[in-house]
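Q: I am new to this structure. Please walk me through it, one feature at a time.

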Amino acid sequence: MGVTVLQPYPLPEGKSGAHIIDQLSKRLLALGATHAGQFLVDCETFISTPQPHNGAPGRAVHVLHNSEYPASTFSIIDNGTGKQVAIVADNIFDLLMLKMTNTFTSKKQTKIESRGARFEYGDFLIKLGSVTMMEHFKGILIEIEYKSCVILAYCWEMIREVLQGFLGIAVGKDFPTYFAPQTIMTAMGQQQLHAKHNDIFEPMDTVKQYLEQFTNYRKHVALMGSMGSVPGGQQVVPNVHMSPSVAGLHRP
């Protein structure tokens, strides 16, 4: 398990998701990558019932599955105030959630997934994901794993170069938002800035990045819905980490 980064891919005007994924697949194969099967990451969110009536935020349990870890269920519990608790369990956790209908209700209308082809390219594992929510296409997520590195700070430049090499867009030099410095509380009760990009990468970090991106897609759909209607096939591009000056640059 190496460092993994998620990169949303902006769709050019008038291009379909299937067309872009096919184009990116051909670029990878032309560079010497080999096809290595399929992958799937899905997320279902359960909210606490009944919802609080005093204005307090409700609790949510995000349940995710990653085909790279078929025997595991990843759960992230959000208390509504920004604090999260991450849990890795076996698949019996899914049955547990089904038996907690009096406490948590599934928001099935927001069930979301990213699925597509896996490619091996030297020390890299690259996945081209088509994101769908309720069977409607929402965008493209690129997952890239550098298998020979476990700390992002040591290999971010290499990952950037590989991304730019086949995506045809300039990726920003700053670390992705998930790895931005965080304020933590020390054992002495003091606040301290923590550089997450220096941490040893773990499988849960991949899952948390997917939840971050899935949440962005959901928020965009909710925002568009409040402004009017959202066409079923409309794609969204949340949190694209690339240089603004070349955001429209695509290879033919």
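This is a predicted model: local features need pLDDT of at least 70, side-chain atom pairs count only at pLDDT 80 or more; totals for chains, interfaces and linings use all residues.

Q: What percentage of the residues count as buried?
A: Of the 252 residues, 42% are buried. Buried means under 20% relative accessible area, exposed means over 50%, and partly exposed is in between (1.4 Å probe, protein chains only).

Q: Which residues touch the most other members of the largest nonpolar core?
A: In soluble globular proteins, nonpolar side chains tend to be buried together. A nonpolar core here is a set of buried Ala, Val, Leu, Ile, Met, Phe, Trp, Tyr and Cys residues joined through side-chain atoms within 4.5 Å. The largest one has 33 residues, and Ile126, Leu128, Ile142, Ile159 and Phe166 touch the most other members. At least two residues each come from strand 1 (3-9), helix 1 (17-31), strand 7 (112-121), strand 8, strand 9 and helix 3 (152-167). Helix 3 gives the most, 8 residues.

Q: What is Ile142 in contact with, leaving aside its neighbours within four places in sequence?
A: Contact means heavy atoms within 4.5 Å. The partners of Ile142 beyond those neighbours include Val5, Leu24, Ile126, Leu128, Leu163 and Phe166. There is also a second, separate core of 17 residues, with Cys43, Ile76, Met204 and Tyr210 among them.

Q: At what angle do helix 1 and helix 3 pack?
A: The angle is about 115 degrees, and the axes are 9 Å apart. Axes are lines fitted to C-alpha atoms, for helices over the stretch in contact, and angles run from 0 to 180 degrees between N-to-C directions. On the helix 1 side, Leu24, Arg27, Leu28 and Leu31 meet Gly165, Phe166 and Leu167 of helix 3. By class, this contact has 5 nonpolar, 1 polar and 1 charged residues. Ala, Val, Leu, Ile, Met, Phe, Trp, Tyr, Cys and Pro count as nonpolar, Asp, Glu, Lys and Arg as charged, and the others, Gly among them, as polar.

Q: How many aromatic pairs does the structure hold?
A: A pair of aromatic rings is described by the distance of the centres and the angle of the planes. Rings of Phe, Tyr and Trp (its six-membered ring) pair if their centres lie within 6.5 Å; planes under 30 degrees apart count as stacked, over 60 as edge-to-face and the rest as tilted. The structure holds 5 such pairs. Phe124 and Tyr146 are stacked, because their centres are 4.4 Å apart and their planes at 10 degrees. Phe124 lies in strand 8 (residues 124-133) and Tyr146 in strand 9 (residues 136-146), so the pair ties together parts 22 residues apart in sequence. Both Phe124 and Tyr146 are buried.

Q: Which aromatic pair is tilted, at 50 degrees between the planes?
A: That is Tyr210 with Phe214, 5.7 Å centre to centre. The two are 4 residues apart in helix 4 (residues 203-227), so about one helical turn separates them. Tyr210 is buried at 1% relative accessible area, and Phe214 is buried at 0%.

Q: Where is Lys147?
A: Lys147 sits in the loop between strand 9 and helix 3. Lys147 is partly exposed, at 38% relative accessible area.

Q: Is Phe119 buried or exposed?
A: Phe119 is buried, at 2% relative accessibility. This residue is in strand 7. Among its contacts beyond four places in sequence are Ser25, His35, Phe124 and Leu128.

Terms used
Residues are numbered from 1 along each chain as its sequence is written. Side-chain values use heavy atoms; hydrogens and water are left out.
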